[in-house]
Amino acid sequence: MPADEHRVVCHIDELLAARGMTLTELSEKVGLSVVNLSILKNNRAKAVRFTTLTAICDALECTPGELFTVEPE
């Protein structure tokens, strides 16, 4: 696997659907742009700040383990 690839998968779409929330609504709640949230939800992010992770988890009432999983090698 190339160094710039990772196996972490983001589940924002599923969590948003389960809560009847849009990406725009989440953006407003966490103070992040829709573009940056899209990068995260499309698994193109290289890192996530703990403050961002905390804000997303608070807004979606979830844990980091529900938001992200790691695919097996």
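Which residues of α2 are buried? The legends below take up this helix and other parts of a predicted model.

**Figure 1. The buried face of helix α2.** L23, L26, S27 and V30 are the buried residues of α2. Viewed down the helix axis, these residues fall within an arc of 105 degrees, so they line one face of α2. An α-helix has 3.6 residues a turn, so residues three or four places apart point the same way. On the face turned away from the buried side, α2 carries the exposed residues E28 and K29. The cover over the buried residues of α2 includes α1, α3 and α4. Following α2 is G31, with a positive phi near 75 degrees.

**Figure 2. Residue S27 in helix α2.** S27 belongs to helix α2. Its relative accessibility is 10%, and S27 therefore counts as buried, the cut-off being under 20%. When neighbours within four places in sequence are left aside, S27 is in contact with L32, S33, V34 and L37. S27 also takes part in the contact between α2 and α3, which is the topic of the next view.

**Figure 3. The packing of α2 against α3.** The axes of these two helices lie 9 Å apart, and α2 and α3 pack at an angle of about 110 degrees. That angle makes α2 roughly perpendicular to α3, because angles of 65 to 115 degrees are counted in this way. The crossing in which α2 passes α3 is right-handed. From α2, the contact is made by L23, T24, L26, S27 and V30. From α3, the residues that make it are V34, L37, S38 and K41.

**Figure 4. The buried face of helix α1.** In α1, the buried residues are I12, L15 and L16. Down the axis of α1 they fall within an arc of 100 degrees, so they line one face of the helix. The exposed residues A17 and A18 are carried on the face of α1 turned away from its buried side. Packing against the buried residues of α1 involves β1 (8-10), α2, α3, α4 and α5. Just after α1, G20 has a positive phi of about 65 degrees.

**Figure 5. Residue I12 and its contacts.** I12 is part of helix α1, which spans residues 12-19. With a relative accessibility of 0%, I12 counts as buried. Apart from its neighbours within four places in sequence, I12 is in contact with L23, L26, L37, L40, K41 and L67. I12 and V34 are 22 residues apart along the chain, and 12 Å separates their C-alpha atoms.

**Figure 6. The largest nonpolar core.** This core has 19 residues. I12, L26, L60 and L67 are those with the most contacts inside it. The elements giving two or more residues to the core are α1, α2 (23-30), α3 and α4. Its largest share, 5 residues, comes from α4. In soluble globular proteins, nonpolar side chains tend to be buried together.

**Figure 7. Residue F68 in strand β2.** F68 is found in strand β2, residues 68-70. At a relative accessibility of 18%, F68 counts as buried. Residues touched by F68, not counting those up to four places away in sequence, are V8, V9, C10, H11, L40, V48 and L53. From C-alpha to C-alpha, F68 and V8 are 6.5 Å apart in space, although 60 residues apart in sequence.

Figure 8. Most residues other than glycine have a negative phi. N43, a residue other than glycine, has a positive phi near 60 degrees. N43 lies in the loop between α3 (34-41) and α4 (50-60). Its relative accessibility is 31%, so N43 counts as partly exposed. E61 is also a residue other than glycine, and its phi is positive, near 50 degrees. The loop that holds E61 runs between α4 and α5 (64-67). E61 is exposed, with a relative accessible area of 71%.

Definitions and conventions:
Residues numbered from 1 in each chain as written. Predicted model: local features only at pLDDT ≥ 70, side-chain atom pairs only at ≥ 80, totals over all residues. Heavy atoms only, no water. Helix = DSSP H or I, 4+ residues; strand = E, 2+ residues; numbered from the N terminus. Buried < 20%, exposed > 50% of the residue type's maximum accessible area, 1.4 Å probe, protein only. Contact = heavy atoms within 4.5 Å. Core = buried A, V, L, I, M, F, W, Y, C linked by side-chain atoms within 4.5 Å. Arc of directions from axis to C-beta. Axes fitted to C-alpha atoms, helices over the stretch in contact; angles between N-to-C directions. Parallel < 35°, antiparallel > 145°, perpendicular 65-115°, else oblique. Left-handed = near helix turned anticlockwise from the far one by under 90°.
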